[in-house]
Amino acid sequence: MQRGRFIVLEGGEGAGKSSNLQCLQQMLEARGLRVLRTREPGGTPLGEALRFILLDPVYEGMELKAELLLMFAMRAQHVAQVIRPALEAGTWVISDRFTSSSYAYQGGGRGLETETIAWLENLVQSDLRPDLTLLLDTPVDVGLARMRSRGEPEDRIEHESRPFFERVRASFLEQAAAAPERFIVLDAAQPLAEVQASMQAQVERYFAACWTD
Ligand code: Z5A
């Protein structure tokens, strides 16, 4: 059986990951593919419980390494229980965030060492990496304004400073520049219909160039 592919949507706050994930799912299903949609932090009962802890403002001041380890504890369960079995069964997996977010937030944002994150990535994922990452890039002000317009209380990470989010954005863009064969960068500051049209066109091109089997 042909293994499924693993596609991840990444980006800062309010970039539109959730809004675009559904469009991507419909596009893949229209090709007759079986698609599983998931998210991080979360994706399993344990992962959702850890998400609650990670985002709860009551844990303000959480030790940086504790945050990193909780992200990878969540991911270990997600990979073993959901992502790997689905891919091996031929299902395509699309995830709202994955390990690029750890490099961007815990690495770029918090300043933890890339080598430490890479070590945990190897431990938890061994050879599993996304086949393709769609990076929804927006200026920080645009994303924060969208997020705040929802009028919901900020979670522990959303509470961070603007320079923190600038470092997160810079890290995502650096990751994309370092691996252009695995990343597509989309200008997510455009109106949603334009972002979706651009995403569809670029994913179609990627299909034609790389996934001809
Ligand atoms: N995190 C981490 O630190 N390390 C890790 O390893 C991982 C995660 C995996 C929760 O993630 C936090 O976890 C996150 C990173 C950290 N920290 N923060 N802050 P999350 O993905 O659950 O939370 P989020 O990034 O804050 O999601 P979000 O704000 O819901 O953003 P989104 O999914 O990208 O956006 P959306 O919900 O699709 O859209 C937001 C609003 O903008 C909504 O009203 C839309 O209608 C609107 N929107 C979307 N696109 C457009 C366009 N193009 N034009 C106009 N309006 C738009």
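The model is predicted. Separate points concern a cis peptide bond between glutamate 40 and proline 41 and positive phi values at arginine 97 and serine 126.

**Ligand surroundings**

**Polar atoms facing the ligand**

- An N or O atom in the side chain of glutamate 13 lies 2.4 Å from a nitrogen atom of the ligand.
- For the side chain of arginine 146, the distance from an N or O atom to a nitrogen atom of the ligand is 3.3 Å.
- Glutamine 190 takes part through its backbone, with a polar atom 2.8 Å from a nitrogen atom of the ligand.
- The ligand taken alone exposes 1,100 Å², of which the protein buries 85%.

**Elements contributing to the shell**

**Glutamate 40 and the cis peptide bond**

- Glutamate 40 belongs to the loop between strand E2 (35-39) and H2, and proline 41 also lies in the loop between E2 and H2.
- The peptide bond joining glutamate 40 to proline 41 is cis, with omega about -10 degrees.
- Most peptide bonds are trans, and most residues other than glycine have a negative phi.
- Glutamate 40 counts as buried because its relative accessibility is 4%, under the 20% limit.
- The side chain of glutamate 40 forms a polar contact of 2.9 Å with the side chain of histidine 78.

**Residues with positive phi**

- Arginine 97 is located in the loop between strand E3 (92-96) and H4, and it is buried, with a relative accessible area of 12%.
- Serine 126 is not a glycine, yet its phi is positive at about 40 degrees.
- Serine 126 sits in the loop between helix H5 (114-125) and E4; its relative accessibility of 43% makes it partly exposed.

**Leucine 134**

- Leucine 134 is part of strand E4 (residues 132-137) and is buried, with a relative accessible area of 0%.
- The C-alpha atoms of leucine 134 and methionine 199 are 8.1 Å apart, although 65 residues separate them along the chain.

Key
Residues numbered from 1 in each chain as written. Predicted model: local features only at pLDDT ≥ 70, side-chain atom pairs only at ≥ 80, totals over all residues. Heavy atoms only, no water. Polar contact = N/O pair within 3.5 Å; in protein donor to acceptor, adjacent residues only side chain to side chain. Areas by Shrake-Rupley, 256 points an atom, 1.4 Å probe, with all protein chains shown as cover. Helix = DSSP H or I, 4+ residues; strand = E, 2+ residues; numbered from the N terminus. Buried < 20%, exposed > 50% of the residue type's maximum accessible area, 1.4 Å probe, protein only.
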